[in-house]
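Please open the structure in your viewer and keep the selection tool at hand. The tour moves from one stop to the next, and each stop says what to select and what is there.

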Amino acid sequence: MNVEQLLKIKGVDATVIGPDETIAAAARLLAERNRGLALVCGADNKLLGVVSVIDISRAVGEFGARASAMTVETIMTRNFCSCRLEDSVEEALRKMTERRIRQMPIVEDGVLKGLLNMRGVLEARFEEADMRAEEMRQYVVGAGYH
């Protein structure tokens, strides 16, 4: 299974914010959607970076109340790990595990296509394994053969 097939099953569930939005706006958005990460996109849905709850808390720790008026662009992570639609789910899971991240943007030619999360990837893998196990069980017991 590749990332594009997984997106068709799980859907595209990404929280997006513009680079000129304030950190306060990002914090509200993440709280409203109960998310830990927002994808920072510019014109034409170009992915510029990611901003996490941790990035926001670091900014508040460093700048105090002034952080709320700063832009997302000033604290976003620009060096993010991503995958492509044609990547295998196994490859995406390997990248997420190696980088110790729970969410990873899907990008094609710089344009955001979706967001993978560890839970969705693992659920898909378990569902696939269950289907294979059932197919093997049916084969072994001879279901459908006369």
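**First stop: a serine in a strand**

Select S52, which is found in strand β3; helices (H or I, at least four residues) and strands (E, at least two) are DSSP runs, numbered from the N terminus. The model is predicted, and local features need pLDDT of at least 70, side-chain atom pairs count only at pLDDT 80 or more, while totals for chains, interfaces and linings use all residues. Residues are numbered from 1 along each chain as its sequence is written, and side-chain values use heavy atoms, with hydrogens and water left out.

Is S52 buried or exposed? S52 is buried, with a relative accessible area of 15%; buried means under 20% relative accessible area, exposed over 50%, and partly exposed in between (1.4 Å probe, protein chains only). Next, display the residues around S52. Leaving aside neighbours within four places in sequence, S52 is in contact with L30, G36 and L37, where contact means heavy atoms within 4.5 Å.

**Second stop: a leucine in strand β2**

Move to L39, whose place is in strand β2. L39 is buried, with a relative accessible area of 0%. Which residues does L39 touch, not counting residues up to four places away in sequence? Among them are A14, T15, V16 and I17, and also L47, G49, V50 and P105. For a distance to check in the viewer, select the C-alpha atoms of L39 and V12: they are 13 Å apart in space and 27 residues apart in sequence.

**Third stop: two packed helices**

Two packed helices are described by the angle between their axes and the distance between the axes. Select helix α2 (residues 23-33) and helix α3 (residues 53-63), which pack at an angle of about 140° with their axes 10 Å apart. Axes are lines fitted to C-alpha atoms, for helices over the stretch in contact, and angles run from 0 to 180 degrees between N-to-C directions. Helices α2 and α3 are therefore oblique to each other; angles under 35 degrees count as roughly parallel, over 145 as roughly antiparallel, 65 to 115 as roughly perpendicular and the rest as oblique.

Now colour the residues that make the contact: I23, A26, A27 and L30 of α2, with V53, I56 and A59 of α3. By class, this contact of α2 with α3 has seven nonpolar, no polar and no charged residues. Ala, Val, Leu, Ile, Met, Phe, Trp, Tyr, Cys and Pro count as nonpolar, Asp, Glu, Lys and Arg as charged, and the others, Gly among them, as polar.

How many disulfides does the structure hold? The structure holds zero disulfides, a disulfide being a pair of cysteine sulfur atoms within 2.5 Å. Select C41, which is in no disulfide; the nearest cysteine sulfur, that of C83, is 14 Å away. C41 is buried, with a relative accessible area of 7%. Then select C83, which is also in no disulfide: the nearest cysteine sulfur is that of C81, 7.7 Å away. C83 counts as buried at 1% relative accessibility.

Most residues other than glycine have a negative phi, and most peptide bonds are trans. Select D44, which has a positive phi of about 55° although it is not a glycine. D44 is placed in the loop between β2 (37-41) and β3 (47-52), and counts as exposed at 69% relative accessibility. Go on to R100, where phi is near 55°, a positive value in a residue other than glycine. R100 lies in the loop between α4 (89-99) and β4 (103-108), and counts as exposed at 78% relative accessibility.

**Last stop: V111 and M118**

Select V111 in strand β5 (residues 111-117). Not counting residues up to four places away in sequence, V111 touches D44, N45, K46 and I106. Finish at M118, which lies in helix α5 (residues 118-141). Leaving aside neighbours within four places in sequence, M118 is in contact with L93, M96, T97, I101 and R102. The C-alpha atoms of M118 and I101 are separated by 8.0 Å, and the two residues are 17 residues apart along the chain.
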